[in-house]
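Could you walk me through this model in my viewer, one selection after another? I would like to know what to click on next and what I will find there.

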Amino acid sequence: MNKQYLAEKVVNLKPSGIRKFFDIVATMQDVISLGIGEPDFATPNPILEVGVRSLKSGATHYTSNAGRIGLRQAIAEFLNTHYGVDYHPADEILITVGVSEALYATMTALLNPGEEVVIATPCFVAYQAEVILAGGVPVELPTRVDDKFVLRANDLEAAITPQTKALLIGYPNNPTGAVASREELLEIAKVAEKHDLIVISDELYDQLIYGVSHVCFASLPNMRERTILLGGFSKNYAMTGWRIGFAAAPKELLTGLARVHQYTIMCAPTMAQDAAIEAITNGATEVEIMRNEYDRRRKLIVGGLNELGLPTFEPRGAFYAFPNIGVTGMDDELFAQRLLDEEKVAVVPGSAFGAGGEGFVRCSYATAYEKIEEALRRIKSFMRRHG
Ligand SMILES: Cc1ncc(COP(=O)(O)O)c(C=O)c1O
């Protein structure tokens, strides 16, 4: 076939650095994986039960495009109680198939061809691709370990061009575990206001934070009107496979997302919507149990990596540690490859997450404590040879 059937923008998309790596891991035995970006916990039983009951009671049909009003109300209440930000359930909240679909709907709804979205990197691997698929141009803006991987307002200002339409940030951050403080976000907010940017704030890990508070970007002065807040259930409630999340935004913006969603998705899975109502309404204790366990693992892995001579910034959110592997003299891809070959420990090269990730690797601690202990023993033997 010599005809190019696939669209150029699709052909030119880089394959995810994570996938490539895990295809290799899948063929190996006795690997300890610190590569997985999802909770190792099963969905807590009370939530699971509601999902099962929903199916058994015949909730096997579509819901309204925007999703069950009960879920939108529960999300509105949660956002109000925890972050002091008000969204109208009827027309300012859209239930989506995870933050993944919310990102797709957001970019498709916002971008005209050639418009730029500034993306603070390293970041979740789908951000750049979603912008490209929507015809936009991703502008990567690397953050630095010296700034605790939080975007500097000055850097943002310098990256703005007449084509810049939006800024995309995600705190707590995947892959660094960074959490932005209120003061840091206020600086970013000033620039967003001055240059009339839309701010897409991916707050998927908002409840997985350790010893700090999560600041919802939309709750900052004057930010609600220009923020598209993305959130969900995958990480907080260990519900990755249910495929459920949400977007919240002022009506004028949300209408655009809802239009895209209506024609691509119809509605999020019905039983997942029912389970999500239970999660957000009654799931706080379950979240706390998981958060405490993540925190125990976080201390183990961060302390362990630092002791082994791999400087590791203290992550305050999500479930990732992001050590600097520069002392080994390897780049992050080679480090990850060798660690896998020689010690059967899987980590993800930092460069897979965009500019600023080079020289680091992502170690997920969403895996059992004992496995992390064994991974550290293996990394120790690796560092004896390469440190
Ligand atoms: C920062 C971030 N945003 C979005 C997603 C996608 O999550 P969802 O399962 O809600 O589609 C992930 C998944 O790893 C993520 O880490």
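Start by selecting Lys 344. This is a predicted model, and in it Lys 344 is partly exposed, with a relative accessible area of 30%. The value falls in this class because partly exposed covers the range between under 20% (buried) and over 50% (exposed). Widen the view and you will see Lys 344 in the loop between helix 12 (332-343) and strand 10 (345-346). Check the backbone too: phi of Lys 344 is positive, about 55°, although the residue is not a glycine.

Next, select Ala 318, another non-glycine residue with a positive phi, near 60°. Look for Ala 318 in the loop between helix 11 (284-307) and strand 9 (320-321). Is Ala 318 buried or exposed? Ala 318 counts as buried because its relative accessibility is 0%.

Now bring up the ligand and the residues around it. The space that the ligand takes is the largest pocket. Select the surrounding residues: Gly 98, Val 99, Ser 100, Phe 124, Tyr 127, Asn 174, Asp 202, Leu 204, Tyr 205, Ser 234, Lys 235 and Arg 243. Color by helix instead, and helix 5 (residues 98-110) stands out as giving the most to the shell, with three residues.

- Asn 174: a polar side-chain atom lies 2.8 Å from a ligand oxygen.
- Arg 243: here, too, a polar atom of the side chain is 2.8 Å from an oxygen of the ligand.
- Ser 234: an N or O atom in the side chain is 2.6 Å from a ligand oxygen.

Taken alone, the ligand exposes 400 Å², and the protein buries 92% of that.

Stay with Asn 174 and step along the backbone. Asn 174 is joined to Pro 175 by a cis peptide bond, with omega about 20°. Pro 175 itself lies in the loop between strand 5 (164-169) and helix 8 (182-194).

For another cis bond, go to the peptide link from Thr 121 to Pro 122, where omega is near -5°. You will find Pro 122 in the loop between strand 3 (116-121) and helix 6 (126-133).

Finish at Thr 96, in strand 2 (residues 93-96). Thr 96 counts as buried, at 0% relative accessibility. A polar atom of the Thr 96 side chain lies 2.8 Å from the backbone oxygen of Gly 98, and Gly 98 is one of the residues surrounding the ligand.

Technical notes:
Residues numbered from 1 in each chain as written. Predicted model: local features only at pLDDT ≥ 70, side-chain atom pairs only at ≥ 80, totals over all residues. Heavy atoms only, no water. Near = heavy atom within 4 Å. Polar contact = N/O pair within 3.5 Å; in protein donor to acceptor, adjacent residues only side chain to side chain. Areas by Shrake-Rupley, 256 points an atom, 1.4 Å probe, with all protein chains shown as cover. 1 Å grid on protein atoms, 1.4 Å probe; cavity = no way out; pocket = protein on both sides within 12 Å on 5 of 7 lines; lining within 4 Å. Sits in = over half its atoms within 2 Å of the grid points. Helix = DSSP H or I, 4+ residues; strand = E, 2+ residues; numbered from the N terminus. Buried < 20%, exposed > 50% of the residue type's maximum accessible area, 1.4 Å probe, protein only.
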